[in-house]
Amino acid sequence: MNNSVVNTARLLGAGLRALLVLTLVTGVIYPLVVTGIAQGLFPGKANGSEVKADGRVVGSSLIGQQGYSLDYFQPRPANGLGENSVNTQYKLILSGATNLSADNGKLVKSVEEAKAKVVKDNSTAGHQVKPSQVPADAVTSSGSGLDPDISPAYADLQVQRVAERNGLTVDRVQKLVDDHTEGRTLGFIGEPRVNVLELNIALKDLVAKG
């Protein structure tokens, strides 16, 4: 056997050993260490920021859901998402926006229709919602289409309807919104927000208590 063959065999052997070591370190040890640290320090976030109600997982605080009846607070619209035949829990697993410009006719029409619906749905016998009161997040989807939060302004706009449909006082429902309003992260990042899933779970509990 000549030297070139021996050298080639040695190189192949060294390469194989390196591959096995790197596979073990990066494919087994590292993921286990990171997973262990995450589970130890941030178990909630590591497991998908699950939200539980009635002893079971009902969603994630990071992913918006659609399909609430008008008895509950409504989320942002979810326009621009593709068809989904895989995940049937959220029906929104395909993330995306409309990518339409602000002056696009289709977008303008959808916003006008959405605003009219918000006004109609949230106007009660003793409280008329004006189109000027409808905030932008009530009629437009977020960049991902999966935004779990709404603005305090949109939550406040829905208080009268939710109170009337559930036989609750406006003050009790407004307090519920106020209690679930989160401020800016670290005091300056982002905007104040209300998580719709968590708010609706609290609303359901409040209705059950009477």
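This is a predicted model: local features need pLDDT of at least 70, side-chain atom pairs count only at pLDDT 80 or more; totals for chains, interfaces and linings use all residues.
Local features require pLDDT of at least 70, side-chain atom pairs count only at pLDDT 80 or more, and totals for chains, interfaces and linings use all residues. Residues are numbered from 1 along each chain as its sequence is written, and side-chain values use heavy atoms, without hydrogens and water.

The protein has six helices and five strands. Helices (H or I, at least four residues) and strands (E, at least two) are DSSP runs, numbered from the N terminus. Their order from that end is α-α-β-β-α-β-α-α-β-β-α. The radius of gyration, over C-alpha atoms, is 25 Å, well over the 17 Å that the globule rule gives for 210 residues, so the protein is more spread out than a compact globule. The rule is 2.2 Å times the number of residues to the power 0.38. Along the principal axes, the C-alpha atoms fill a box of roughly 95 × 45 × 35 Å.

Of the 210 residues, 30% are buried (under 20% relative accessible area, 1.4 Å probe, protein chains only). Contacts are heavy atoms within 4.5 Å. Among those between residues at least 6 apart in sequence, 57% join residues at least 24 apart. The accessible surface (Shrake-Rupley, 1.4 Å probe) is about 13200 Å², with 58% belonging to carbon and sulfur atoms.

Strands β1 (residues 50–53) and β2 (residues 56–60) run antiparallel and are joined by four bridges. Pairing requires at least two DSSP bridges. E50 has S60 in β2 as its bridge partner. The two strands form a hairpin with two residues between them. In the turn, D54 has a positive phi of about 55°.

Conventions: Buried means under 20% relative accessible area, exposed over 50%, partly exposed in between (1.4 Å probe, protein chains only).
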